[in-house]
Amino acid sequence: MSATATLIAPWRGLTRTVWVLVAARAVNRIGAFSLSFLAIVLTVEFGASLSRTGFVVALFGLATIPSRLLGGFLADRIGRRRTIVLGLTGCAVAQLWIAASTTLWSVMFAAIVLGLAFEIYEPPSQATIADVTEPVDRPAAYGLLGSAMAVAGVLAGLLAAAVSHWDLRWLFVADAITCLACAVLVALALPTDVRRERVPTGGVAVWRDHRLLWLLASGTVFATIYMQLIVGVPLTLLEHGLPASGTGIILAVSAVTMILAQRLLRVQLDDFQAMRVGYVLLAAGLIVCAFATSLPIFLLATAFWSVGETFLLTRYLTQAAGLAPDDGRAQYLAVFGLCWGVATTIAPLIVTRLLETVGPEGLWLINAAAAIALAAAQPLLRTRLARA
């Protein structure tokens with residue numbers, strides 16, 4: 001078997017639609033390096049104070065929460081493809097607005113508009129994958145999406161470093177171009193939207209599904225641990241006097257590990273068994289991270305938690321898609337996706353507070369304890385999510 005065939009073996013049998021969505025999302029993620037420079041643009045180009053810059057960036061993050069709900073609502077009303085194209089086009093318009101802004105107020109409003117458009121893509125793309133994939137293949141399909149995003153994230157970081165000497169406004173123009181290119185790809189390559197009847201599971205009904213709320217609560221804890229790793233690992237390296245370049249190496253190792261771990265998603269485990277394994281591996285990585293003092297040990301920790309995250313990211317999405325009725329799937333995925341908005345908001349606060357009070361060792365041991373508790377809670381979650 002060739003190297004290429006071996007690489008794609010875990011995803012053999014997935015439909016063309018899945019591959020198109022994954023390709024579009026990866027290209028868009030690669031082009032999203034401009035977001036890393038939003039704070040710099042505000043301070044350097046527009047003379048905003050640090051407090052004003054933090055306020056604007058926080059408004060952007062806050063706007064992504066209704067953005068995801070809007071994506072789920074529109075996907076179940078006007079169709080998956082139309083909603084994806086609308087979201088990508090909205091992002092492009094907002095990026096061009098930022099690039100063309102001449103006043104601080106203009107770029108502030110543009111950042112809010114960008115936030116409102118930023119997550120529209122996610123629910124319809126995740127719902128489309130579930131629509132065209134058998135339940136047994138959904139972990140592999142979502143695993144492919146996660147792997148592509150991880151690799152694209154590393155490439156985005158490399159591109160950001162390579163082009164950061166440009167006029168920063170042009171970075172937003174480049175991002176807008178990738179959004180429009182992906183919108184064209186989706187419009188031409190995805191199947192035509194199927195006309196749907198009025199969805200009986202409106203927003204209120206979705207929030208009344210206690211199974212989804214249990215999954216959302218569990219997923220929020222996981223997402224918060226995940227985001228603490230994103231925020232806390234660079235700070236931990238700094239605490240130990242390790243070079244900042246170590247963060248890039250850790251991201252690259254994590255991406256490669258997630259790809260190599262895809263074969264494990266085909267192991268015959270149900271969702272709750274797989275999530276228990278995932279949490280145990282995540283806890284192991286966090287414990288190693290707590291006592292790591294050199295980059296090789298941090299890389300060992302990365303391998304553990306990346307395999308664990310591979311199980312957890314895919315199975316949570318599989319569960320959320322499986323709970324939903326066919327005509328309300330995007331709304332269910334949108335509500336479940338709110339765990340990431342909450343985690344993105346609170347994780348930096350938790351990390352900085354714990355680093356100040358208990359240090360890196362305490363930070364990661366507390367997170368490891370949370371992961372172990374969630375592993376032990378899987379039988380309870382299975383009971384709560386059981387269908388009537």
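Of the 388 residues of the protein chain, 51% count as buried, where buried denotes under 20% relative accessible area with a 1.4 Å probe and protein chains only. The model is predicted: local features need pLDDT of at least 70 and side-chain atom pairs count only at pLDDT 80 or more, while totals for chains, interfaces and linings use all residues. Residues are numbered from 1 along each chain as its sequence is written, and side-chain values use heavy atoms, with hydrogens and water left out.

The protein chain has 18 helices and zero strands; these are DSSP runs numbered from the N terminus, with helices (H or I) of at least four residues and strands (E) of at least two.

Seven aromatic pairs occur in the structure. Rings of Phe, Tyr and Trp (its six-membered ring) pair if their centres lie within 6.5 Å, and planes under 30 degrees apart count as stacked, over 60 as edge-to-face and the rest as tilted. The pair of F222 and Y226 is edge-to-face because the ring centres are 6.2 Å apart and the planes stand at 65°. F222 and Y226 are four residues apart in helix 11 (residues 210-239), so about one helical turn separates them.

F222 is buried, with a relative accessible area of 2%. F222 also pairs with Y279: the centres are 6.2 Å apart and the planes at 85°, so this pair is edge-to-face. Because F222 lies in helix 11 and Y279 in helix 13 (residues 271-291), the pair ties together parts that are 57 residues apart in sequence. Y279, like F222, is buried. One aromatic cluster is formed by F222, Y226, Y279, Y316, F336 and W340.

Terms used
Buried means under 20% relative accessible area, exposed over 50%, partly exposed in between (1.4 Å probe, protein chains only).
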